[in-house]
Amino acid sequence: MPILLLVTVFVIATCGLVYELVAGALASYLLGDSVTQFSTVIGVYLFAMGVGSYLSQFVKHQVLSVFIRIELLIGLVGGCSAASMFLLFEVVSSFRVLLYGEVLLIGTLVGLEIPLLMRILRDRYTFDELIARVFTFDYIGALLASLLFPLVLVPYLGLMQTGFLFGAINVAVGVGVVLVFWRQLPRPRSLLWLGLVCFAVLLTGLALSERLLDWSERQAYAEPVVLARSTPYQRIVLTQSGARVRLFLNGNLQFSSDDEYRYHEALVHPGLAALPQAQRVLVLGGGDGMAVREVLRYPGVREVVLVDLDSAMTGLFHHNRLLADLNGGALGSPRVRVVNADAYQWLRTTDARFDFVVCDFPDPSNFSLGKLYSTAFYRQLRRVLAPGGRLVVQSTSPFVAPKSFWCVVATLQSAGLRTLPYHVHVPSFGEWGFVVAGTDSVDLPRQLPDGLRFLSLATLPGYFDFPPDMAPVPVSVNRLNNQALVHYFEREWAAYSR
């Protein structure tokens, strides 16, 4: 019997941490800024555990029965937490109230469990043995959860299924405790039925999780969802209405097939067309292959290296017929080599040199993305540029977020690069900004490739002129130790969306 209770400690720790990680991941998916979301979720969870530990002293009678009820309640609430947050995100007026309310409740219940369990076990072990064994199993369970979550659970199950599965495991252990301690429990039959009902609810949720997720995403997106996939790095959703296809990453629009050509032509050609001798091109980010498609318009380019973190993303845009048609089969070109790696780490280890570098990263909405817009990163980019080489950075909207845009410009300059900023109008995004940079003067191209739908030599010079409402503003440089750009971006876009 004592060993079963110690196994219960292990399950409590594993499941409790999984619920916490699910809440943090969901918050970062739905609200952005993963560092802030995980930090606040962990802080609230640990505070709630302290509250639960304090409240445990007021449980005076039927400790084992109370412990089992808490175990079942944790399994039910924690198991349904991901589903409830997904389903209610578009419905509740303040999602953060729901998020932190659930984290507080789960943390409080977990905080109640361990002290109660230690009181149940105190007659079976000496105090020293009790402390050592309970915390040993607790920490081992936490380690298992922290390894399983990113390596197995998110990529293979997804957040909603993970919640239901571990909730069911939590409840199953509670039912096992009921059966083992049947004679010591008042009204054990009612506890057993309660546990079985909770277990059935969670198994039903697990079986229906894909339908629930599909329903929640249909509410979140105005157009039919034709593909949805969770990866260790992001939630990929594709919608389609007629011929229009849209890509969303973690709920944020990345492109619409109606006008993506405007963005990608503007990203690539003002810089690359000015380098007629360019042979080697590096594309960082841009796992959809659209920027690569534009680079391949230049017959003189012999090699394109695409570095994107998410293999699921590049795999979809290589093998899915609909998506491969959008990028013209660019990722299957013999001139293209795809590397699935963190761009920051890959750049630090490569000895290759490139004539042109395209930085097509998502906007700097969190610290993990902000490092890709830092002086440290741009110095590494400068190192891999061949003599006379150029790079281009997508730099958010100079109209909506002028401090963010000019911070990118200032950061490139701080890294020893000369810059030439410009902007174009993309209907899906509004006014959008880019920066071409190099170690020497940066000139406009004298010729553009054939077949472009948006850019022309006649209109190109106008994109480099900034009207007063997008003119340069005083900004700080984005460094790894201050992440000024992330703070600018968060404030400016939050103000714009009010």
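Reply: The account below begins with the whole protein, turns to the core, and ends with the sheet.

The model is a predicted one. The protein has 498 residues, of which 54% count as buried, and its C-alpha trace spans about 90 × 45 × 40 Å along the principal axes. DSSP runs give 16 helices and eleven strands. Among contacts between residues at least 6 apart in sequence, 73% join residues at least 24 apart.

In soluble globular proteins, nonpolar side chains tend to be buried together. Here the largest nonpolar core holds 66 residues, and the members that touch the most others are Ile-68, Leu-99, Phe-149 and Leu-159. Seven helices each supply at least two residues of this core: H1 (2-31), H2 (34-55), H3 (63-88), H4 (95-121), H5 (127-156), H6 (159-180) and H7 (188-220). The greatest contribution comes from H4, with 15 residues.

Leu-99 shows how such a member is surrounded. Leaving aside residues up to four places away in sequence, Leu-99 touches Ala-23, Ala-27, Leu-31, Val-41 and Met-85.

The axes of H3 and H6 lie 8 Å apart, at an angle of about 170°. Because angles over 145 degrees count as roughly antiparallel, H3 is roughly antiparallel to H6. Where H3 meets H6, the contact comprises 17 nonpolar, seven polar and one charged residues.

A second, separate core of 52 residues has Val-245, Val-281, Met-313 and Leu-331 among its members.

Strand S3 (residues 244-249) belongs to an open sheet of four strands, ordered S1-S2-S3-S4 with antiparallel pairing. Strands S1 (225-230) and S4 stand at the edges with a single partner strand each, so one side of each lacks a neighbour in the sheet. From one strand to the next, the twist averages 20°.

How values were computed
Residues are numbered from 1 along each chain as its sequence is written. This is a predicted model: local features need pLDDT of at least 70, side-chain atom pairs count only at pLDDT 80 or more; totals for chains, interfaces and linings use all residues. Side-chain values use heavy atoms; hydrogens and water are left out. A nonpolar core is a set of buried Ala, Val, Leu, Ile, Met, Phe, Trp, Tyr and Cys residues joined through side-chain atoms within 4.5 Å. Buried means under 20% relative accessible area, exposed over 50%, partly exposed in between (1.4 Å probe, protein chains only). Contact means heavy atoms within 4.5 Å. Axes are lines fitted to C-alpha atoms, for helices over the stretch in contact, and angles run from 0 to 180 degrees between N-to-C directions. Angles under 35 degrees count as roughly parallel, over 145 as roughly antiparallel, 65 to 115 as roughly perpendicular and the rest as oblique. Ala, Val, Leu, Ile, Met, Phe, Trp, Tyr, Cys and Pro count as nonpolar, Asp, Glu, Lys and Arg as charged, and the others, Gly among them, as polar. Two strands pair if DSSP finds at least two bridges between them.
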